[in-house]
Amino acid sequence: MQSQILSTSGGEFQICEINVSDLPLYPHIMENYTLIICHSGESSGSCNLRQCTIKKGVFSINMPGQIIHYEAVSQDFSCTAVMLSPTFMSSLGFPYNFEINRLIEANPVTSLSENEYTACLGYCRMVTAIIKSNHRFKLEMIKHLTCAYLYGFAHCVIDRNPLEPPAAEDVLMGKFFDELKKNYRQSRSVRFYADKLCVTPGYLATATKRATGRTVSEWISKYVVLEAKALLNRSDISVQQISYRLNFPNQSFFGKYFKKATGHSPNEYRNQCKEKMIIEKGIGMYG
């Protein structure tokens, strides 16, 4: 059973303890920045199709818009989650650094030393105590503590993954994935992305296959289908609305696209998710 979520009055900052029964085993879209410090057990899955594993002594950061899929979670999994709204993050005044931002996105999981892990626990204890207090400047105190904490995390990431001059093909792939994350809902055309990157479709196709082992169309499909799965897990949006959101001409065309990629129609997938959620709730209650 998930512990109580402690939150500032406006909900800009939240902290809670999470265990295996709290994690949905299906794709979902992040709305906030989420910082996770794992205390025990192990969870494996993907962040925007990048495979990663969270285990004891690991720190993870997820950003709004990312699609997270927990595929397997051990029964002894536990972690502390800190959720920061986009408004809260923007108020911290971090200077935007393209390379560091990309580095963090590319490394959503970082192993901590014993001292770093202890420092994370100290941060969690301090912000928890502040939220529970009646201090008139609690939000300002939490902002300053969080700012220092995130600078410390950025140091850890850079220290373990030094910034090196990327090869020309790596630069192209970085730009391709940046464009793909921004535009996969609007366009599934290889030429669209080639034009954005000022290269020919043939060159983009060759470079992408050589660098990633997948075609441009396969990457586009992966992003589209992953978001479709995340949306199909929600009960407040119809299949027709999902097809429009992902820029399909109609529900039938979306259904054929989704079935070709997954082997199931959108409604079949949605029903499977409902059944899985019922089973997960049963395990949480009686397991």
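## Packing of H8 and H10

Helices H8 and H10 are roughly perpendicular to each other, a term for angles of 65 to 115 degrees. Their axes lie 11 Å apart at an angle of about 105°; axes are lines fitted to C-alpha atoms over the stretch in contact, and angles run from 0 to 180 degrees between N-to-C directions. H8 covers residues 216–232 and H10 residues 251–262, where helices are DSSP runs (H or I, at least four residues) numbered from the N terminus.

Contact means heavy atoms within 4.5 Å. Among the residues that meet are Ile220 and Val224 in H8, and Phe254 and Phe258 in H10. The residues of this contact divide into nine nonpolar, two polar and one charged.

## Basis of the model

This is a predicted model, in which local features need pLDDT of at least 70 and side-chain atom pairs count only at pLDDT 80 or more, while totals for chains, interfaces and linings use all residues. Residues are numbered from 1 along each chain as its sequence is written, and side-chain values use heavy atoms, with hydrogens and water left out.

## The two sides of H10

Phe254, Gly255 and Phe258 of H10 are buried (under 20% relative accessible area with a 1.4 Å probe, protein chains only; exposed is over 50%). The buried residues of H10 fall within an arc of 100° seen down its axis, so they line one face of the helix. Lys256 and Lys260 are exposed on the face turned away from that buried side.

## Ser187

Ser187 sits in the loop between helix H5 (168–183) and helix H6 (190–197). Ser187 counts as buried because its relative accessibility is 10%. Beyond its neighbours within four places in sequence, Ser187 is in contact with Phe192, Tyr193 and Ile220.

Note on methods:
Parallel < 35°, antiparallel > 145°, perpendicular 65-115°, else oblique. Nonpolar A, V, L, I, M, F, W, Y, C, P; charged D, E, K, R; others polar. Arc of directions from axis to C-beta.
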